[in-house]
Amino acid sequence: MAGPVGSSEVPPSGEERDVPEPGEVVGAAEEQGVGIFPSWKWLYLTVVLYAAVLVLLLYAFTVTLDFGAR
Amino acid sequence: MTPLDWAIFALYFAGVIGFAVWQSRKNVGVEGFFLANRRMPWAAIGLSVMATQASAITFIGTTGQAFDDGMEFIQVYLALPVAMVVICAVFIPFFYKAKLYTAYEYLEKRFDPRTRSLTAFLFLLSRGMGAGIILYAPAIVLSVILGWDELFTIAIMAVVTIAYTTVGGITAVIWTDVIQMVMMFGGIAAAVLILFFELPAGVGVGDVAYIGGIQRMWTAVDLSWDPTNTYTIWSGLFGGFFLALAYFGTDQSQVQRYLTASSLKDSRLALIFNAFLKVPMQFFILAIGVLLFVFYHFERPPLVFNDAEVRVVATSERAAEYREMEEEQARLHGLRREATMELLRVREEGGEAGAIQREIGGYDDRLAEIRSDAKALVSEVRGAASNDVNYVFPTYLVQYFPTGLVGLMIAVIFAAAMSSLDSELTALSSATIVDFYERWFRPDASQDHYLFVSRIATLGWGLYAFGVALFAGQMGSLIEAVNQVGSFFYGSLLGVFLLGFLVKGANGTGAFWGLLVGMATVATVAFTTDVSWLWYNVVGASTVLVVGVALSRLAAEGDVRAGS
């Protein structure tokens, strides 16, 4: 917001803001560790694997608890 | 409700308002009001993201949906963790680096003012209506179940939410969301446990799984390829992925949450938190619906749960027809109950249960058919779609929950509604002030002025939502209604953001006209085909990307020719 009160710490919503270009790597934060994970990439990979495991578990759940056709 | 229930209910409201006002005392200026001065911890943001998405519609609508159709709705959420990874890796860095107040500001920086204004306008249009439905859904249900006046129920929720949101801004919203989300977790756990305790003695977890499995109520993955089938693994993985990407990545009600974090890392952790917890939470909410299905093998359920609709039919000329259905339902339920008890006895003795199981399956089918016919009859008499799925869980709560816990669970339903409504109000208000008022009308006003008009905008949107809630009317299953409204815009909005993030040569012409063509395409698909609404997001985003790239190239070539 532009304006006299607190304008030094509040970035305006106008033209001064920096917008990265498509494909630009934003910061070196990607390679920093996150908790027990050596980098964000490992955390992301863990989430994707988690999603895959959920699908497999739910499929197993579906098949195991389908008593309709027996 | 007993005096104890009322006391717990009142305590909840007092606690929420007091906590919200106390937490918001450190807010400074407009950045404090809309972004909590960018100092919120990631766990609080994560819970707020979850609470915003999990409205009362989710809580009462999906349990009812699972009671009728089983666990299949969970497929919508299966791609959510992957969508969260994409948002963390691709979307958040752009938003964070640009130090935005709203997601749509990015589109002006990347493309042009008209693309920003159009997307912000579409957000206001769809979310303004959505805020009303969020308010209406639990209010109409609770007014029927508890006998409260509908206007009073809507008003109490609206007034309290508007009050703490207008006074405390996003800080109050996020911290109350934390309390409300914790209450929801407690409510889900209590509902599952009490459902088990209410079953007849000797009925164990294995029996529950078995009885639900006879009617395939536990089916959570459907591998069929039919695009007109709403809930399949494919519509979930593809349509659900695009829906989650659009909602969590471009909708101001969610983006605003992670813009309040003090660092890029904290913004990301808030979404990763959701990536891990959202699917299990939804699993347990749906499981409540299936447990209700099993529970009502032993207790006779109402044929139609919405008592107000039943009363309308009972005084119509088709009352006799409905009574016949009720009598048939009572007869079949008695037979099913006997067969179910026999099944349990045979299973305990280790005997062959195949014949009894088929008998129960037959009763299940017939009872589902009668319930479907009864809902159709109600719809015909009332001239509007039946929304009975939303009454299943609250009816059970009031009839079977212990004293004290009823008040708590009603408070949980209120909490779910209010935690979504408050987020919508701050998001609508921020888009109104930042994307329109400041951008087009008063770009150089003081912080005090912006803070004042931001509060006015929050109040205004609250009153608008209140008005919509009063006229929301009959919209079938409310969870689908809200998602359907969003799906007309979501996919195309996502396409514009993807164009900005991923395509270097994309320009304002491609983005603006691509967005319009994308929405027109989704509308055409929606009105001329039977394709499930979950695919609309895929259609919208893909169309915007293809058309946006093509038009951007044409516009660029035109500029080159004009220059030479």
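This is a predicted model: local features need pLDDT of at least 70, side-chain atom pairs count only at pLDDT 80 or more; totals for chains, interfaces and linings use all residues.
## Basis of the model

Local features require pLDDT of at least 70, side-chain atom pairs count only at pLDDT 80 or more, and totals for chains, interfaces and linings use all residues. Residues are numbered from 1 along each chain as written, chains are lettered from A, and side-chain values use heavy atoms, without hydrogens and water.

## Aromatic pairs

Over all chains, 49 aromatic pairs are found (ring centres of Phe, Tyr and the six-membered ring of Trp within 6.5 Å; planes under 30 degrees apart are stacked, over 60 edge-to-face, the rest tilted). Phe67(B) and Tyr296(B) form an edge-to-face pair, with 5.9 Å between centres and 85° between planes. Because Phe67(B) lies in helix α4 (residues 56-69) and Tyr296(B) in the loop between α12 (264-295) and α13 (307-314), the pair ties together parts of chain B that are 229 residues apart in sequence. Helices here are DSSP runs of H or I with at least four residues, numbered from the N terminus. Both Phe67(B) and Tyr296(B) are buried (under 20% relative accessible area, 1.4 Å probe, protein chains only).

An edge-to-face pair is also formed by Phe295(B) and Tyr400(B), at 4.8 Å centre to centre and 80° between the planes. Phe295(B) has 1% relative accessibility and therefore counts as buried; Tyr400(B), at 18%, counts as buried too.

## Charges over rings

Arg114(B) lies over the face of Phe512(B), 4.5 Å from the ring centre (CZ of Arg or NZ of Lys within 6 Å of the centre and within 35 degrees of the ring normal). The charged end of Arg347(B) sits over the ring of Tyr210(B), at 4.2 Å from its centre.

Note on methods
Helices (H or I, at least four residues) and strands (E, at least two) are DSSP runs, numbered from the N terminus. Buried means under 20% relative accessible area, exposed over 50%, partly exposed in between (1.4 Å probe, protein chains only).
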